[in-house]
Amino acid sequence: MSREKQKNTEHHRKLLDQIDQLTADLLEDNLLLKALMENTSAHLAYLDPQFNFVMVNSTYASGSGHTAAELIGQNHFAIFPSQENETIFKRARDTGKEQSFHDKPFTYPDQPWRGVTYWDWTLSPVKDSSGKTRGLVLSLVDTTERKKTEEIISQLEERYRSLFMESPYGTIFLDAETMSIIDFNDKAALQLGYTRDEFARLRIPDFEASESHPEIQAPIVRVLHEGIAFFATKHRTRLGEIRDVEVTVKVIELGGKKAILGIFHDITERKKAEEALRESEERLRSLAENVPCVLMRFDRQLRVV
């Protein structure tokens with residue numbers, strides 16, 4: 001074998017060895033990429049610039065309702081048509097800028113029974129050395145259950161808020177440390193003659209009947225140890241009128257902090273009626289005891305009873 005031919009043979013052998021090494025490296029990188037894609041809870045897909053599926057992980061495939069074999073080589077928007085999303089994909093490809101969304105709704109045209117689903121998703125362009133987009137990595141996290149739970153909680157909070165605001169009893173929430181008002185319903189402000197803005201700036205001592213007789217603070221301090229208390233007390237309205245109220249206070253957790261729920265019912269008119277009845281009974285008793293004649297009681301047949 002000539003020296004020149006030998007050199008060519010050696011050169012070809014080195015090239016083949018390099019190709020074999022590159023192939024092995026690519027296979028190793030591909031295996032590593034697949035391992036990374038499979039060992040995540042995210043739905044991952046790699047698409048070419050025409051938005052055809054090149055690679056998907058099993059999470060993406062199962063989440064899409066298709067097998068990986070049904071997806072690879074197919075155009076994303078042939079399977080999941082959406083003009084809005086296609087515009088987003090084109091923008092990511094053409095500008096080379098990442099696109100991301102939070103709780104973005106999506107309805108599967110071929111799977112209507114799933115209803116509206118929600119996703120956090122990111123579309124990241126993969127560029128070559130010239131800066132041209134050679135593909136797109138789509139990463140999705142299914143937030144449907146969390147979103148639906150948040151909607152249920154929001155509905156419950158709205159119902160609670162409605163019941164709270166429409167309650168016939170004055171209701172307030174107090175900060176257990178400062179005794180400042182956290183929240184209250186309109187009935188609480190109305191009973192004491194304040195506007196919402198005025199009432200929101202008050203503290204417990206502001207509407208006690210007497211500074212020398214802290215009718216409200218003492219039971220509230222006690223309830224911090226006992227958990228709940230019921231008592232009758234007096235409130236001073238914005239105009240200085242003293243009103244009788246029945247109060248229920250209970251220690252609760254609110255936003256991770258200790259708070260006090262207070263429910264109070266104005267019983268001023270009832271107390272006045274009870275007092276009037278008591279005075280009337282006393283007058284009748286006094287009259288009966290001081291009448292200078294004998295009082296007799298008869299039945300319907302005029303017999304003394």
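Buried residues, meaning those under 20% relative accessible area with a 1.4 Å probe and protein chains only as cover, make up 31% of the 305 residues in the chain. The model is a predicted one, in which local features need pLDDT of at least 70 and side-chain atom pairs count only at pLDDT 80 or more, while totals for chains, interfaces and linings use all residues. Residues are numbered from 1 along each chain as its sequence is written, and side-chain values use heavy atoms, with hydrogens and water left out.

The chain holds 10 helices and 10 strands, taken as DSSP runs (H or I of at least four residues for helices, E of at least two for strands) and numbered from the N terminus.

Leucine 138 is in contact (heavy atoms within 4.5 Å) with residues including His43, Tyr60, Phe89 and Trp121, when residues up to four places away in sequence are not counted. Glutamine 111, found in the loop between strand E3 (99–107) and E4, counts as buried because its relative accessibility is 6%; under the same exclusion of residues up to four places away in sequence, glutamine 111 touches Ser64, Gly65 and His66.

How values were computed
Buried means under 20% relative accessible area, exposed over 50%, partly exposed in between (1.4 Å probe, protein chains only).
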